[in-house]
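User: I am new to this structure. Please show it to me, and then I will ask about the words used for it.

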Amino acid sequence: MVEAARVDGVSEIGIFFKVFMPSISTTYAAAAIITFMNSWNAYMWPLITLQTPDKRTIPLVLYAMGASYTPDYGMIMCAIVLATIPTAPIFFLMQKQFVAGMIGSVK
């Protein structure tokens with residue numbers, strides 16, 4: 001495909017944007033979703049670096065809610081649903097690209 005684009009007179013930058021980017025855009029979308037989910041659900045690094053309880057991330061707050069002697073499971077489930085709200089629309093909007101990126105795209 002690259003040779004055909006060169007024969008047609010496409011520049012190197014044009015080859016990148018017209019040949020390579022369409023074939024790997026689904027892979028980039030899948031990588032973006034996975035990277036976002038990993039950073040959103042980070043537990044260990046915020047646990048080590050954050051010194052004050054008022055700057056806790058959502059996973060740390062969820063852990064603190066469940067670590068008491070008598071955890072309030074209704075409140076924990078409500079917090080889990082609220083923590084899921086930002087990630088669910090991103091996944092559902094990019095679900096087609098995510099699945100295509102996991103399978104791999106061959107043109």
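Below, each label is set against its rule.

Analyst: This is a predicted model, in which local features need pLDDT of at least 70, side-chain atom pairs count only at pLDDT 80 or more, and totals for chains, interfaces and linings use all residues. Residues are numbered from 1 along each chain as its sequence is written, and side-chain values use heavy atoms, with hydrogens and water left out.

User: Why is helix 4 called roughly antiparallel to helix 5?

Analyst: Helix 4 (residues 58-66) and helix 5 (residues 73-84) pack at about 170 degrees, with axes 10 Å apart. Angles over 145 degrees count as roughly antiparallel, so helix 4 is roughly antiparallel to helix 5.

User: What makes the contact between them?

Analyst: Contact means heavy atoms within 4.5 Å. Helix 4 brings Ile58, Leu62, Met65 and Gly66, while helix 5 brings Met75, Ile76, Ala79, Ile80 and Ala83.

User: Why is tyrosine 63 called exposed, but tyrosine 43 partly exposed?

Analyst: Buried means under 20% relative accessible area, exposed over 50%, and partly exposed in between (1.4 Å probe, protein chains only). Tyrosine 63 has 52%, so tyrosine 63 is exposed. Tyrosine 43 has 29%, so tyrosine 43 counts as partly exposed.

Conventions
Axes are lines fitted to C-alpha atoms, for helices over the stretch in contact, and angles run from 0 to 180 degrees between N-to-C directions. Helices (H or I, at least four residues) and strands (E, at least two) are DSSP runs, numbered from the N terminus. Angles under 35 degrees count as roughly parallel, over 145 as roughly antiparallel, 65 to 115 as roughly perpendicular and the rest as oblique.
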